[in-house]
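Subject: The two-chain model

Hi,

Have a look at it first, and then read on.

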Amino acid sequence: MNRTLLVGLLTALTLGATLAWQHATAPRIAQAQAQLQARTWLSVLPTSRYDNQPLQQPLALPQPALEHSRLLAAYRATLQGRTSAVVLHSQTQGYEGPIQLLIAIDRAGRVMATKVLEQHETPGLGDKIAAPDSPWLGAFTGLSQGNTPAQAWGLKRDNGQFDQLAGASVTSRAVIHAVQDALRYFDSQAPQWLAGEPDE
Amino acid sequence: MNKPTLAALSLAPLLGASQTLVQAASIASLTLVLVILHRACMTPLRARLTGIAGECASLLIAAALVTCANLALLAWALPLHQTLGIYPELIAVQCLLFEYSLGRTAGWRPALTVLVGFAALHIALGACRELLASGVRLAGLMPGALLLLGLVLALINLARNRRAASRREGNP
């Protein structure tokens with residue numbers, strides 16, 4: 001009897017303490033998560049290129065299912081009230097699972113930066129796309145539909161212009177096509193997104 | 001439960017959470033703190049709760065401690081928490097294991113020796129893996145971790161045998 005009482009008391013005590021602690025830390029956790037998300041997501045944009053809070057300014061995405069990928073979200077970065085870039089959050093199918101990418105595109109439809117948010121590719125091979133400042137992802141910077149013909153968006157062995165990550169052709173193809181999809185989508189939506197803003 | 005089982009079950013965090021020195025050091029120190037706290041909470045209860053009641057109490061305390069530690073990590077060290085994966089949660093298993101295998105031993109000394117030794121081994125493994133991973137890709141992966149662990153343990157054994165031998169020679 002005494003034992004049951006003691007275990008019951010202990011249950012109430014541990015449960016109560018855990019719940020109280022959860023309640024106490026909840027606001028701090030939410031704040032930390034928002035900060036971390038903003039920091040990772042906005043790392044694709046140089047801080048000199050925007051003065052708003054892009055994550056607070058999502059853009060409407062009509063028909064987000066693209067040829068090789070799917071857009072999950074888009075955010076507008078503005079500088080002095082004028083759109084300076086759009087950040088597209090895209091998901092594509094890699095070799096082992098979905099790959100989530102952030103692609104920042106400037107007003108002229110050029111890639112500013114690309115970043116992998118989430119991937120499940122083979123350790124040591126395909127997961128190199130997620131390395132910080134991956135030189136392979138850097139190859140997309142500055143490219144647009146205007147300066148790169150449609151057939152060049154592929155691996156060199158498929159008559160495209162991109163190297164592949166060693167041992168990870170499926171991963172490499174998936175990312176190349178997702179970036180191309182994003183650029184195509186930007187060009188199709190740019191008239192609406194940039195409407196009413198004077199060109200440079 | 002005997003010591004070999006304890007060692008076998010402790011392999012998961014040792015191999016899984018030792019890719020970098022930071023990862024190894026944080027998991028090792030968290031384990032150290034939580035297991036000590038768990039043992040401190042269990043000490044007054046052990047005499048009163050025997051058998052299944054004692055195990056229930058041990059489980060409850062481990063779950064509460066680990067949950068609270070996790071929430072604290074989420075609130076104040078979110079980037080660190082993300083590099084640690086599931087291993088902070090797994091510390092609950094370590095708490096139960098230590099209680100099960102060393103709970104009955106009187107006094108803190110033997111338990112602390114095991115704990116501190118385990119933490120030191122974990123940190124040493126993390127340091128080795130981080131140092132080697134830039135040159136040897138295997139060191140960053142799980143099989144490499146197991147090989148390295150074997151190597152580190154062999155070195156420790158060698159050093160201990162040497163010391164024991166020299167002591168024998170010194171005091172015939």
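One definition before anything else: a helix axis here is a line fitted to C-alpha atoms over the stretch in contact, and angles run from 0 to 180 degrees between N-to-C directions. Please also keep in mind that this is a predicted model.

**Where the chains meet**

With that definition in hand, start between the chains. The axes of α1(A), residues 2-41, and α4(B) come within 8 Å and cross at roughly 10 degrees. Angles under 35 degrees count as roughly parallel, so α1(A) is roughly parallel to α4(B).

Taking the contact between the chains as a whole, 18 residues come from chain B and 18 residues from chain A. On the chain B side, α4 (52-76) and α5 (78-84) each supply at least two residues. The largest share of that side, twelve residues, belongs to α4(B). By class, the side of chain B that touches chain A has 15 nonpolar residues, one polar and two charged.

**Chain B in outline**

Chain B has eight helices and zero strands. Its C-alpha trace spans about 50 × 50 × 25 Å along the principal axes. Chain B has 172 residues, and 29% of them count as buried. Among the contacts in chain B with a separation of 6 or more, 72% are between residues 24 or more positions apart.

The UniProt record (an unreviewed entry) lists residues 26-45, 57-78 and 138-159 of chain B as "transmembrane region". In the model, residues 57-78 of chain B are 95% helix and 0% strand, with the end C-alpha atoms 30 Å apart. Residues 138-159 of chain B are 82% helix and 0% strand, and there the end C-alpha atoms lie 26 Å apart.

**What packs on α4(B)**

Back to α4(B), this time within its own chain. Helix α3(B), residues 21-46, packs with α4(B) at an angle of about 145 degrees, and their axes are 10 Å apart. The crossing of α3(B) and α4(B) is right-handed. From α3(B), the contact includes Leu30(B), Leu34(B), Leu37(B) and Cys41(B), and from α4(B) it includes Ala57(B), Ile61(B), Leu65(B) and Ala69(B). The residues of this contact divide into twelve nonpolar, three polar and one charged.

Then there is α6(B), residues 87-102, which packs with α4(B) at an angle of about 150 degrees, the axes being 9 Å apart. Over 145 degrees counts as roughly antiparallel, so α4(B) is roughly antiparallel to α6(B). This crossing, of α4(B) and α6(B), is right-handed. Among the residues that make the contact are Leu59(B), Ala63(B) and Leu73(B) of α4(B), with Pro88(B), Ile91(B) and Glu99(B) of α6(B). The contact of α4(B) with α6(B) has twelve nonpolar residues, two polar and two charged.

**Chain A: the annotated domain and some details**

For chain A, UniProt (again an unreviewed entry) places "domain: FMN-binding" at residues 94-186. That stretch of chain A is 24% helix and 18% strand in the model, with its end C-alpha atoms 22 Å apart.

Thr141(A) is worth a click. It sits in the loop between α2 and α3 of chain A. Is Thr141(A) buried or exposed? A residue with 12 or fewer other C-beta atoms within 10 Å is exposed; Thr141(A) has 12 such neighbours and therefore counts as exposed. Leaving out residues up to four places away in sequence, Thr141(A) touches Val111(A), Met112(A) and Ala113(A). The C-alpha atoms of Thr141(A) and Ile105(A) are separated by 9.3 Å, and the two residues are 36 residues apart along the chain.

Two backbone details to finish. Gln63(A) is not a glycine but has a positive phi of about 45 degrees. You will find Gln63(A) in the loop between α1 and β1 (69-79) of chain A, and it is exposed, with 9 other C-beta atoms within 10 Å. Asn159(A), also not a glycine, has a positive phi of about 70 degrees. The place of Asn159(A) is the loop between α2 (135-138) and α3 (169-193) of chain A, and Asn159(A) is exposed, with 9 other C-beta atoms within 10 Å.

Definitions and conventions
Residues are numbered from 1 along each chain as its sequence is written. Chains are lettered from A and ligands numbered from 1 in the order in which they are written. This is a predicted model: local features need pLDDT of at least 70, side-chain atom pairs count only at pLDDT 80 or more; totals for chains, interfaces and linings use all residues. Helices (H or I, at least four residues) and strands (E, at least two) are DSSP runs, numbered from the N terminus. A residue is buried if 20 or more other C-beta atoms lie within 10 Å of its own, exposed if 12 or fewer, and partly exposed in between; C-beta atoms are placed from the backbone. Two residues are in contact if their C-beta atoms, placed from the backbone, lie within 7 Å. Ala, Val, Leu, Ile, Met, Phe, Trp, Tyr, Cys and Pro count as nonpolar, Asp, Glu, Lys and Arg as charged, and the others, Gly among them, as polar. Angles under 35 degrees count as roughly parallel, over 145 as roughly antiparallel, 65 to 115 as roughly perpendicular and the rest as oblique. A crossing is left-handed if the near helix is turned anticlockwise from the far one by less than a right angle, and right-handed if clockwise. UniProt positions are given in the numbering used here, feature names are shortened, and annotations may be inferred rather than shown by experiment.
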